[in-house]
Amino acid sequence: MQNQEQIKNSLLNFQKAFVSFIDKEKWNSQQFSQIIPGGRIKNAKKSMEVYKHGKIARLGECLEALFPCVLRIIGHEKFYILSEEYIRNKPSNNYNIELIGAKFPEFIKKNTISTDFIFLHDVAEFEKKFENLFHKFTTSKKQIFENLSIQELESKKVKLHDHYFLYSSKYRIYDIWEQENAIDKDLRERNIYKPQHLIAYKRKQKIHVKEICASEYALISSLAEGLTVSDALTQLVQKASTNESKLAEIIQQCFCFLRQENLLGIFTGKTND
């Protein structure tokens, strides 16, 4: 009669063999010899294939939930083929089911489907970032800069709160993403082949997406990289093609927006008081 340790080891060995078959289709005759197929299932291997196909189907459903716009664009049939290939080639080692799509955008980029849908990677990347932002905690910490002018801010280095993300694409990704019935034919007829810069941010548990100009995108990116306000503005002026008065207006609007949406964070540098 087996003792508890033997039973435990036997179960662990079976679990390893089970996972090996589900993920890599490695058949272990010794471990699976005692499986009794049920119903109309012919043999032990067919019984195990039920679990293998079930896993692919369930994970495919998770990808559908995480990338609904990709699904709408390419349709259920192509999405199923794409997701099955991804699940087989990029097995997740994480127990968190929500992280299964972490490598999906890059997989799409290298897949032949990108030949027909050249913007598909960008859509998938935007959806991944959107999902990550959805689960982020929204800080309610007060800004210490709310009464300061841009001139007073110039010598300071700021930290943006992390309940936002920036996204830039050669295509109008948000226009594609917000269309509930987006299909390939409709997309090709719309003028989506133009650059778009976006900032998505979370406020009161709701995500808002705002289109911003290239100068705003560059300024916020520089601040996020840790440049002082002064250095970020200098860099922007040197690279901008916009005239000075228009650029000053853009800068003013950008800082007003960051303050209003509580994205402008805490002071992390030295002041020249």
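View A. Phe 165 stands opposite Ala 200 in strand 3. Strands here are DSSP E runs of at least two residues, helices are H or I runs of at least four residues, and both are numbered from the N terminus. Strand 2 and strand 3 pair in the antiparallel sense over 6 bridges, where pairing asks for at least two DSSP bridges between two strands. Please keep in mind that this is a predicted model, in which local features need pLDDT of at least 70 and side-chain atom pairs count only at pLDDT 80 or more, while totals for chains, interfaces and linings use all residues. Residues are numbered from 1 along each chain as its sequence is written, and side-chain values use heavy atoms, with hydrogens and water left out.

View B. The order 2-3-4 describes an open sheet of 3 strands with antiparallel pairing. Strand 2 (164-169) and strand 4 (206-212) are the edge strands; each has a single partner strand, so one side of each lacks a neighbour in the sheet. From one strand to the next, the twist averages 20°. Helix 7 lies across strand 2, strand 3 and strand 4, and runs at about 175° to strand 2. Helix 11 (residues 214-224) also lies across strand 2, strand 3 and strand 4, here at about 135° to strand 2. For these angles, axes are lines fitted to C-alpha atoms, for helices over the stretch in contact, and values run from 0 to 180 degrees between N-to-C directions.

View C. Arg 203 forms a salt bridge with Glu 261, and the closest N and O atoms are 2.6 Å apart. Arg 203 belongs to strand 3 (residues 196-203) and Glu 261 to the loop between helix 13 (244-260) and strand 5 (264-267), so the pair ties together parts that are 58 residues apart in sequence. A salt bridge means a side-chain nitrogen of Lys or Arg within 4 Å of a carboxyl oxygen of Asp or Glu. Arg 203 is partly exposed at 33% relative accessibility, whereas Glu 261 is buried at 6%. Buried stands for under 20% relative accessible area, exposed for over 50%, and partly exposed for values in between (1.4 Å probe, protein chains only).

View D. The structure holds 7 salt bridges. One of them joins Arg 88 to Glu 84, with 3.0 Å between the closest N and O atoms. Both residues lie in helix 4 (residues 68-89), 4 residues apart, about one turn of the helix. Arg 88 is partly exposed at 35% relative accessibility, and Glu 84 is partly exposed at 21%. In helix 7 (residues 120-134), Lys 128 and Glu 125 are 3 residues apart, about one turn of the helix. Their salt bridge has its closest N and O atoms 3.6 Å apart. Lys 128 is partly exposed at 22%, while Glu 125 is buried at 14%. Arg 172, Asp 175 and Glu 211 are linked in a network of salt bridges.

View E. Look for Asn 111 in the loop between helix 5 (104-110) and helix 6 (113-116). Beyond its neighbours within four places in sequence, Asn 111 is in contact (heavy atoms within 4.5 Å) with Leu 82 and Glu 85.
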